[in-house]
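Me: I have a structure open and would like to talk it through with you. Could we start with one of the loops and then work outwards?

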Amino acid sequence: MPRSRKSAMQPILAALIVLAAVGTARGQTPEQQDAGAYATVCAACHQGNGLGVPGAFPPLAGHAPTVLARPGGRDYLARLVLYGLHGPITVDGRGYNGAMPGWGDVRSDQQLADALDHVLMAWGNATALPPSFVPFTAAEIAAARATRLTADQVYALRQDAPAAVVVGQIAVSFTQDQANRGHAAFRRNCQDCHGAHLDDGEFGGAPLKGGYFARHWGDGSAAGLYGYMHSKMPPDRPGKLNAQTYADLTAFLLASNGYQPGDAELEPDPDKLAQMSLKRP
């Protein structure tokens, strides 16, 4: 539709989305409400089955109760969803070095409590919880807001941080030819949503360059960017492109954000990608 008409429709569409969300929440069981909050806050990265994406996003199934059981684990989880996490961790022997965003500024205390309760009760996790476990509450999340933390400070609260596998220490590598292939793939599969200039799509795709890209991906490893695209894109057929195409698209986005090409291609191997840092020198 013409841009002026599209702009005029945006407030109406936003209102309809809010009304639909309110209507959906009515009549839900607590379990359904928890699952809905998880789908909104966490599932894009950790997946609906809680298994995450190897090398990119750690699993929550079979792992979340272990985190809860550590000294200070409950306080850590509350602050994790509020403020995010930045730093290398190890889950089930595999290293991860993503940059989990904090949700405290965009989600309510109740939504975050519901999401945590789903994580701790779903996928068989409930069987590993202690008999004394009680669900998280909105009041508990609100209390955790009293002291605002950075994602680095949350990382310092994590009990296994000093023993984590060091990942993301190698400079990212891709070739110009690979970035060119990624550009062609982008035009075929992504341009309608994200735009020819990566920040001017007609259908509301997130900006893929500049400050937005740096905030979401610039503190992590190449595995986070690759893994997100592989699991979520394109929206109408997520994960349906081949692995090499996702690697080529990653190379194109990196080149578009000022990363310099080299002599070696970016391989679609989550373990190798986890070793490649996107931090600027």
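Me: Where does Q47 sit?
Reply: Q47 lies in the loop between helix 3 and helix 4, the latter spanning residues 64–69, and please keep in mind throughout that this is a predicted model.

Me: What is the phi of Q47, and is the residue buried or exposed?
Reply: The phi of Q47 is near 75°, which is a positive value in a residue other than glycine. With a relative accessible area of 18%, Q47 falls under the 20% cut-off, so it counts as buried.

Me: And D92, what is its phi?
Reply: D92 has a phi near 55°, again a positive value in a residue that is not glycine. This residue is in the loop between strand 2 (89–91) and strand 3 (94–96), and D92 is exposed, its relative accessible area being 64%.

Me: OK, stepping back, how many helices and strands are in the protein chain?
Reply: The protein chain has 14 helices and six strands. Of its 281 residues, 42% count as buried, and among contacts between residues at least 6 apart in sequence, 68% join residues that are at least 24 apart.

Me: Let's look at helix 12. How many of its residues are buried?
Reply: Eight of the 11 residues of helix 12, which runs over residues 222–232, are buried, so this helix is largely enclosed by the rest of the structure. The buried ones are A222, A223, G224, L225, Y226, G227, M229 and S231.

Me: What do those buried residues pack against?
Reply: They pack against helix 3 (43–46), helix 11 (211–217), helix 13 (243–256) and helix 14 (270–274), and also against strand 6 (276–277).

Me: What about the loops on either side, starting with S221: which loop is that in?
Reply: S221 is in the loop between helix 11 and helix 12, and at 3% relative accessibility it counts as buried. Leaving aside neighbours within four places in sequence, S221 is in contact with N97, L273, A274, M276, S277 and L278.

Me: And which residues does the cis peptide bond join?
Reply: The cis peptide bond joins M233 and P234, with omega at about -10°. P234 itself lies in the loop between helix 12 and helix 13.

Me: Changing topic to rings, how many aromatic pairs turn up in the whole structure?
Reply: A search of the whole structure finds three aromatic pairs. One of them is Y38 with W123, whose ring centres are 5.2 Å apart and whose planes stand at 70°, so the pair is edge-to-face.

Me: Where do Y38 and W123 lie?
Reply: Y38 is in helix 2 (residues 30–41), while W123 is in the loop between helix 6 (109–121) and helix 7 (138–144), so the pair ties together parts that are 85 residues apart in sequence. Y38 counts as buried at 2% relative accessibility, whereas W123 is partly exposed, with a relative accessible area of 28%.

Me: How are F186 and F252 arranged?
Reply: F186 and F252 form a tilted aromatic pair, with 5.3 Å from centre to centre and 50° between the planes. F186 belongs to helix 9 (residues 176–189) and F252 to helix 13, so this pair ties together parts that are 66 residues apart in sequence. Both partners are on the inside by accessibility: F186 is buried with a relative accessible area of 1%, and F252 is buried with 7%.

Me: Last one, at what angle do helix 5 and helix 6 cross?
Reply: The axes of helix 5 (residues 73–83) and helix 6 come within 10 Å and cross at roughly 125°, and that makes helix 5 oblique to helix 6. The contact is made by L77, A78, V81 and L82 of helix 5 together with L112, L116 and L120 of helix 6.

Me: And which hand is the crossing?
Reply: Helix 5 passes helix 6 in a right-handed crossing.

Note on methods:
Residues are numbered from 1 along each chain as its sequence is written. This is a predicted model: local features need pLDDT of at least 70, side-chain atom pairs count only at pLDDT 80 or more; totals for chains, interfaces and linings use all residues. Side-chain values use heavy atoms; hydrogens and water are left out. Buried means under 20% relative accessible area, exposed over 50%, partly exposed in between (1.4 Å probe, protein chains only). Helices (H or I, at least four residues) and strands (E, at least two) are DSSP runs, numbered from the N terminus. Contact means heavy atoms within 4.5 Å. Rings of Phe, Tyr and Trp (its six-membered ring) pair if their centres lie within 6.5 Å; planes under 30 degrees apart count as stacked, over 60 as edge-to-face and the rest as tilted. Axes are lines fitted to C-alpha atoms, for helices over the stretch in contact, and angles run from 0 to 180 degrees between N-to-C directions. Angles under 35 degrees count as roughly parallel, over 145 as roughly antiparallel, 65 to 115 as roughly perpendicular and the rest as oblique. A crossing is left-handed if the near helix is turned anticlockwise from the far one by less than a right angle, and right-handed if clockwise.
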